Structures are given as structure tokens and as C-alpha cells.
Amino acid sequence: MRPIEVSGLIKRYGRTEALRGLTFSVREGEIYGLLGPNGAGKTTTLKILVGLLTPDAGVARICGHDVVRDRVRALEAVGYVPENPVCFQNLTVREFLEFVGALRRLGEDDVHEAIDRYLSLFGLSEKRDELLGNLSRGMIQKVLVSAAFMVRPRVLVMDEPMAGMDPEAQHAFKEEVRRMTSQGVTALISSHLLDMVERFCTRVGIINEGVLVAEGTVEEVKSRAESGEEATLEEVFLRIVGE
Ligand SMILES: Nc1ncnc2c1ncn2[C@@H]1O[C@H](COP(=O)(O)OP(=O)(O)OP(=O)(O)O)[C@@H](O)[C@H]1O
Ligand SMILES: [Mg+2]
């Protein structure tokens, strides 16, 4: 059993076939980068994994639990960062994180400790009593990532988590994900930041038009694409997706 398993996923929105039999899995402790052009199906895949969308066919499992049939058990293991930062405009940062902690039945002391830790990690401590509606895009991203980290996930599912984050926060984010995965947490990250992915992810999958078109470590993907050792992930990506 792998912490994240996706098999033969098909998802249609009306006439659009967003996923056309997508299959991949992520091993324990990996930082897996899910790459692909706009509209490739990354967000659709991540939403299916966290039970926000139901696939038309195929199976998605988190820690062995089918996300459709055993949804609650599957979701208990997950910390999720959504693509569009829709959150509660009229809650303060602290209220929002307390709310997430309560939903996930974390102890109050643990929640307060986590709030202090992550707000300080992301340089957001002075904003703890600010309304979410008054935060900048990057600040909201920091709060959403803090919420995902806070719930003691076994699996992190993150849709472009670094969007809008300043370099210092990106660095803190990567350090924390590395720390968590070194302790057995599994991370799935969708991203367009190929320079970052190249240095940060332990394995990548490239999807295009709803199917997996390449997978492996960055080195493996490069060698399979026969792009030469000096090619960057960006060059390899453009070549694979352009075919
Ligand atoms: N709610 C929806 N209704 C109709 N079509 C949708 C909906 N959501 C996504 N799609 C379509 O499904 C396809 C996959 O979209 P998805 O959001 O999964 O792509 P993505 O890989 O996350 O793209 P991006 O890199 O832009 O975030 C696209 O063709 C998109 O237009
Ligand atoms: Mg997306």
C-alpha cells in the first residue's frame, strides 16, 4: 500500500474530459511534484483526492482508504492546500486556525502551539488578529499552508502552495516539508515552478490532457526524454508536453 494511489481516474465536466485514465502513486516520505500545462487536470486530480469531486471512473486512495467509499477515514490523514484561496473573510487568522483545529479535533494546547509555531515560521505573528479579508494574497497562502501543516497530516495534498509567497516564506515552506517528509509524511504538490521542483521534489509526474506522460526522478525524466544531462527540467517539460 502506498499513501497516495490514483488508478484509472476519469473525470468529465460536461463535454470536457479533464482526466482520461490517470494512474500514479506516491510512496511514503516522497515529495512528488505533479506538473502539467494549464488545464492538464492537476487541480481536478487533487480535488478528487480530497473528496471535493467524485470521479466518473477509477479509484483514488489515501493511506489505503478509498476517498469515495471511505471518505472520512481518508480525509483524516490529509492536510490540503486548495488552489483558489477561498476562506473565511470575517475570521481572524487565529480564529480560522482554531476553527481548523477544532474541525480536526486537535487539542487546544496543540492548536495554540501550532499557531505560534507556524505564524512565527512564516513571519505572520503580528497578523494573528487581522481578518483574513484584509490579508495580501501571499499572506493568505501562508495561512492556508499553516492550516495544512497544523493538522498533523500523514499526507499533504497541496495545489500550487507557494503561489504568491515571498522567497523567505518559500524557503521556510520547503524546510518544513522536508522535515515532515523525513518523518514519514508524504507530500503531493502541483506546481508550475519548475526550477523549484527540480531541486525540491524527489519524484515528478507530468500530466497532459488528463493522462500521465512522464514520471520518475528528475534525472530519470531527463534521460527518458533524451534531452542530455545539461537540459533543465523546464526544457524537458516543454519537449514532452510539446510532443
Ligand atoms: N468546474 C469546472 N467546470 C467545467 N470544466 C472544468 C471545471 N474545472 C475544470 N474544468 C476543466 O477541466 C480541465 C482541467 O482543469 P484543472 O483545473 O484540473 O487543470 P490544472 O491542471 O489544475 O490547470 P492550472 O495549471 O491552470 O491550474 C480544463 O480543461 C478545465 O477547463
Ligand atoms: Mg490547477
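Residues are numbered from 1 along each chain as its sequence is written, and chains are lettered from A and ligands numbered from 1 in the order in which they are written. In this predicted model, local features need pLDDT of at least 70 and side-chain atom pairs count only at pLDDT 80 or more, while totals for chains, interfaces and linings use all residues.

Start at ligand 1. Its shell includes Tyr13, Thr16, Gly41, Lys42, Thr43 and Glu83. A residue is near a molecule if its C-beta atom, placed from the backbone, lies within 6 Å of it. Strand 2 (16–26) and helix 1 (42–49) each supply at least two residues of this shell. Helix 1 gives the largest share, 3 residues. Helices (H or I, at least four residues) and strands (E, at least two) are DSSP runs, numbered from the N terminus. By class, the shell has 3 nonpolar, 7 polar and 2 charged residues. Here Ala, Val, Leu, Ile, Met, Phe, Trp, Tyr, Cys and Pro count as nonpolar, Asp, Glu, Lys and Arg as charged, and the others, Gly among them, as polar.

Now turn to the core. The largest nonpolar core has 71 residues. Such a core is a set of buried Ala, Val, Leu, Ile, Met, Phe, Trp, Tyr and Cys residues joined through C-beta atoms within 7 Å. Buried means 20 or more other C-beta atoms within 10 Å of a residue's own; exposed means 12 or fewer, and partly exposed lies in between, with C-beta atoms placed from the backbone. Leu49, Ala148, Val157, Ala187 and Leu188 touch the most other members. Helix 5 (residues 137–150) supplies the largest share of this core, 8 residues. Leucine 49 touches Ile4, Ala60, Ile62, Val67 and Val157, not counting residues up to four places away in sequence. Contact means C-beta atoms, placed from the backbone, within 7 Å.

An α-helix has 3.6 residues a turn, so residues three or four places apart point the same way. Glycine 184 follows helix 6, with a positive phi near 100°.

Definitions and conventions: Contact = placed C-beta atoms within 7 Å.
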